[in-house]
Amino acid sequence: MSPVVEVFDPRAAAPADLAAWSAVHAAGRRELSGGSPEAGELAERLRRGYGGPGWRWAGRVHEGGPVLGTAELRRQPHDGGIGFLRLFVDAPARRRGLGTRLRAAAADRARAEGMARLQSTVLAGRAGESFARTSPHLRTLLHLELQVQSFDEETLGRCWRLASAPKRGYRFTHWVGAAPAPLLASFGRVMNHLLDAPGAAFQEEPRRWGPEDVRGWERRMTDDGSRLLVGAAVDRTSDEVVAATVCTVTRGPVADQHDTAVLPAHRRRGLASRVKATQTLRVHENFPHVEAVAVTLNRENTAMLEVNRLLGYRRTAERLLVEDDLRP
């Protein structure tokens with residue numbers, strides 16, 4: 001029997017199909033990046049229409065069988081001509097043509113929507129990389145490290161010692177959800193400097209974020225039900241954010257560490273390490289079910305790799321950001 005791929009609408013799907021789709025998708029994200037929404041949480045968000053804009057497909061090994069493959073296509077926020085694909089197949093169903101069918105459906109839709117390129121991340125040296133390289137037009141954009149910081153006693157002690165060390169001229173704060181109005185504009189200015197990191201131009205465009213841009217970003221970061229936690233260093237003189245780091249937390253045991261940025265005039269003062277150490281402690285305090293934080297870093301970002309080493313992060317895998325050219 002041939003694999004079957006169909007457009008997947010979570011709001012109209014049968015409960016069993018929605019549960020299976022969410023379970024495969026959540027497990028795939030957990031394998032790829034360390035953290036993921038819990039399957040039940042994801043299913044509920046999708047059923048209520050809160051999964052964010054995009055296109056989705058479900059794959060079955062045969063007609064009438066259970067959902068064993070998922071694909072989700074979204075436009076990259078920084079460039080509408082680039083799609084980002086998340087594609088996962090349950091391990092027992094791999095190498096049976098299901099992934100190929102799912103990718104073809106997503107590529108066809110991307111072309112129809114005017115996208116010229118399709119990006120995705122895969123685990124280096126694993127089945128996902130071999131599958132991705134079956135495309136003749138694939139190129140590797142970035143080599144990335146997946147790192148995990150476990151909340152063990154030694155690591156929390158490291159973070160406490162660093163976070164509690166005085167840093168004259170700055171105070172450290174955090175918020176869950178939307179940025180406080182007095183810090184909104186300066187937080188946006190810090191986030192504008194994410195493009196300073198090596199390789200960031202492949203995933204972001206030059207930005208000049210104002211308050212509304214920050215609010216839109218906050219909505220995107222939480223459209224799958226994740227909680228957003230931001231840690232910041234504030235200049236005591238100006239009372240403005242000069243460094244920040246971002247985490248998202250689900251009901252699962254692993255939180256995702258995202259962006260960390262410091263304004264150029266405030267670099268080389270230990271702010272990145274302190275703001276990340278403080279963030280670890282805030283995650284631990286605010287979300288006691290979280291046992292670790294996972295982050296993906298460009299291997300060329302040596303400064304942040306050193307910061308993470310000080311904070312007890314350990315490399316667990318290598319990932320690749322790959323891009324497929326969809327043009328004829």
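**View 1. Ring pairs join W175, F187, W209 and W217 into a cluster.** Rings of Phe, Tyr and Trp (its six-membered ring) pair if their centres lie within 6.5 Å. Planes under 30 degrees apart count as stacked, over 60 as edge-to-face and the rest as tilted. This is a predicted model, where local features need pLDDT of at least 70, side-chain atom pairs count only at pLDDT 80 or more, and totals for chains, interfaces and linings use all residues. Residues are numbered from 1 along each chain as its sequence is written, and side-chain values use heavy atoms, with hydrogens and water left out.

**View 2. F8 and W21 form an aromatic pair.** A search of the whole structure finds four aromatic pairs. The ring centres of F8 and W21 are 5.2 Å apart and the planes are at 5 degrees, so this pair is stacked. The pair links distant parts of the chain, 13 residues apart. F8 sits in the loop between β1 (4-7) and α1 (15-33), and W21 sits in helix α1. Helices (H or I, at least four residues) and strands (E, at least two) are DSSP runs, numbered from the N terminus. F8 has 7% relative accessibility, so F8 counts as buried. W21 is buried too, with a relative accessible area of 0%. Buried means under 20% relative accessible area, exposed over 50%, and partly exposed in between (1.4 Å probe, protein chains only).

**View 3. W175 and F187 meet edge-to-face.** Their ring centres are 5.4 Å apart and their planes are at 90 degrees, so the pair is edge-to-face. W175 lies in strand β7 (residues 170-176) and F187 in helix α6 (residues 181-191). The two residues are twelve apart, and their pair links distant parts of the chain. Both W175 and F187 are buried.

**View 4. A181 belongs to helix α6.** A181 has a relative accessible area of 61%, so A181 is exposed. The C-alpha atoms of A181 and P211 are separated by 8.9 Å. Along the chain, these residues are 30 apart.

**View 5. The protein chain has nine helices and twelve strands.** Of its 328 residues, 51% count as buried. The C-alpha trace spans about 70 × 40 × 35 Å along its principal axes. Contact means heavy atoms within 4.5 Å. Among contacts in the protein chain between residues at least 6 apart in sequence, 73% join residues at least 24 apart.
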